[in-house]
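Let's walk through this fold together, going from the whole chain down to a single side chain. Have the model open as you read.

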Amino acid sequence: FAFAEQQLKYAFPKIDEARANESQESKEKRIAKQWGELTNPRNTEPDGSLRLVPSKDWTSGFFPGELWYVYEYTHDPFWKEKAEKHTEMLEREKKNGTTHDMGFKMYCSYGNGYRLTGNPTYKDILIESARTLITRYKPNVGCLRSWDHHADQWECPVIIDNMLNLELLFWASRETNDSTFYNIARKHADTTMANHFRADNSCYHVVDYDPETGAVRKKQTAQGYADESAWARGQAWAIYGYTMMARETGSPEYLAQAKHIARFLMNHPNMPADKVPYWDFDAPNIPDAPRDASATAIMASAVFELSQLDKSDEAKSYLDFAEQQVRSLSSPEYLAEKGTNCNFVLKHSTGHLPGNSEVDVPLSYADYYYVEALMRLKKLI
């Protein structure tokens with residue numbers, strides 16, 4: 001945490017510099033597409049410079065969420081002020097119904113902000129965000145639609161990542177006493193549990209549905225090695241999503257699903273000794289395949305929580321596994337050196353290898369889930 005705080009203090013001048021150095025082409029594209037201003041860091045560019053994204057980008061909420069965690073840890077008003085500034089850049093997204101990523105953007109930022117400050121404006125923005133998100137619910141499918149793009153390829157695509165947007169709906173259900181949010185979240189999780197998972201408890205990335213009948217059209221990957229492979233970050237989203245579902249509902253079925261996924265991950269023959277997975281468990285060039293620190297951080301954060309929800313003899317093994325992952329991420333192999341890495345905390349994440357995008361780079365969501373995992377571990381000791 002001390003290192004994350006140190007890196008982040010040097011990030012703000014980098015952000016100002018990146019904003020000032022934005023190319024004319026980028027500015028014109030943003031204006032033409034009405035994307036708004038550049039907001040928060042996402043990754044580094046191939047030339048090593050910092051990449052900022054407009055609020056519409058699915059990763060825009062992770063940097064402010066990380067700042068909120070540092071504020072929670074330090075209680076330093078400096079971090080509260082920075083977190084507020086970088087959160088409030090995203091307000092326009094509360095009405096953006098063209099994306100399923102409302103939880104990633106708004107709950108990681110405004111959600112943590114509201115949890116720590118009780119700011120009533122944040123509450124109103126979150127409720128509106130949840131109402132916007134459920135406009136994407138398709139009753140005949142029983143899921144929130146994920147993507148609108150590539151309509152020639154998919155009719156109603158649902159990606160495993162979408163599980164993480166459900167936490168916003170549970171929060172909204174409690175805050176408004178409206179069970180609509182709760183019921184949609186459960187239905188989405190049930191449909192996903194029925195159709196996304198293989199016999200070995202690994203999951204597909206994309207399941208496409210017929211929007212009229214709800215029938216499964218196809219099961220594919222967009223970012224993994226192959227349709228039938230186990231894309232590492234997809235498996236991380238899965239265990240995080242069903243652990244969260246178990247916490248929010250108390251359902252033994254969701255807890256069982258999270259444990260099934262945990263066993264798949266912990267016992268996989270291609271899981272490296274340091275517990276930092278390759279970008280895909282079935283990548284053909286293992287052990288020379290790139291690792292994915294982002295998948296590791298997401299898994300660790302989820303498995304720490306799973307170790308507390310599970311009351312069986314396996315709970316200790318979950319805790320040990322997640323601790324191993326955090327220790328690896330905290331080692332010189334994955335933790336950046338001070339003042340390097342464009343002031344991101346972690347190195348060696350993989351975003352979209354088949355698209356030759358974000359391979360072996362720092363990623364904002366890797367840092368977010370790393371500090372979240374640290375916070376969860378801190379509360380256990």
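How much accessible surface does the chain have, and what share of it belongs to carbon and sulfur atoms? The surface comes to about 15,300 Å², with 47% belonging to carbon and sulfur (Shrake-Rupley method, 1.4 Å probe). Before going on, note that this is a predicted model, where local features need pLDDT of at least 70 and side-chain atom pairs count only at pLDDT 80 or more, while totals for chains, interfaces and linings use all residues. Residues are numbered from 1 along each chain as its sequence is written, and side-chain values use heavy atoms, leaving out hydrogens and water.

Now the build: the chain holds 13 helices and nine strands (DSSP runs, H or I of at least four residues for helices, E of at least two for strands). Its C-alpha trace spans about 50 × 45 × 40 Å along the principal axes. Of the 381 residues, 59% are buried, meaning under 20% relative accessible area with a 1.4 Å probe, protein chains only. Among contacts (heavy atoms within 4.5 Å) with a separation of 6 or more, 64% join residues 24 or more positions apart.

Next, zoom in on asparagine 165, in the loop between β5 (157–159) and α7 (166–176). Asparagine 165 counts as buried because its relative accessibility is 0%. Not counting residues up to four places away in sequence, asparagine 165 touches His100, Asp101, Met102, Gly103, Phe104 and Leu133. With phenylalanine 104, a polar atom of the asparagine 165 side chain lies 3.0 Å from the backbone nitrogen.

Terms used
Buried < 20%, exposed > 50% of the residue type's maximum accessible area, 1.4 Å probe, protein only. Polar contact = N/O pair within 3.5 Å; in protein donor to acceptor, adjacent residues only side chain to side chain.
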